[in-house]
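Here are my notes on the model you sent over.

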Amino acid sequence: QKKLKSKVINITFKEYRDDAYKIIGIFAKQARGLMANYIIENKINEPEKLKLFNKDNYEYAETLSSEEDWVYIR
C-alpha cells in the first residue's frame, strides 16, 4: 500500500434545509462536477485556490471547515 505524499482534503457540499446544513446527494454530486470543471478551467494546482470556488451559489464556509475537511454551503 502506497502513501500519498501530499495532504488529503475532504470536500463536502451542503444545502440549508430545515434550519441546518445537510448533504443532499444529488446536489452534492452536481457540485463535485462543477468543482472539477472549475479546477480544469482555472488550471488550479494549489488547494488554497479552491476556497475561491463559488459556482451555483456555493461558497467556502470557514466556520464549518477544518484543515482537512472543507465545507461549501448554499
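**Notes on the model**

1. E48 forms a salt bridge with K51, with 3.2 Å between the closest N and O atoms; a salt bridge here is a side-chain nitrogen of Lys or Arg within 4 Å of a carboxyl oxygen of Asp or Glu. K51 is partly exposed too, at 27%.

2. Some ground rules. This is a predicted model, so local features need pLDDT of at least 70 and side-chain atom pairs count only at pLDDT 80 or more, while totals for chains, interfaces and linings use all residues. Residues are numbered from 1 along each chain as its sequence is written, and side-chain values use heavy atoms, leaving out hydrogens and water.

3. The salt bridge count comes to 5. Another one joins K49 and E46, at 3.8 Å from N to O. K49 is partly exposed at 40% relative accessibility, and E46 is partly exposed at 43%.

4. The one I'd look at on screen is R74 with E15, a salt bridge at 2.7 Å, N to O. It links distant parts of the chain: R74 sits in the segment after strand 4 and E15 in strand 1, 59 residues apart. (Strands are DSSP runs of E, at least two residues; helices are runs of H or I, at least four; both are numbered from the N terminus.) E15 counts as buried because its relative accessibility is 5%, whereas R74 is partly exposed at 28%. D56 joins E15 and R74 in a network of salt bridges.

5. What else does E15 touch? Leaving out residues up to four places away in sequence, its contacts are A20, Y21, K22, I24, F27, Y58 and R74 (contact means heavy atoms within 4.5 Å).

6. On to the sheet: it is open, with 4 strands in the order 2-1-4-3 and mixed pairing. Strand 2 (20-22) and strand 3 (59-60) stand at the edges with a single partner strand each, so one side of each has no neighbour in the sheet. Strand 3 pairs with strand 4 (residues 69-73) in the antiparallel sense over 2 bridges; strands count as paired if DSSP finds at least two bridges between them. Y60 has Y72 in strand 4 as its bridge partner.

Methods:
Buried means under 20% relative accessible area, exposed over 50%, partly exposed in between (1.4 Å probe, protein chains only).
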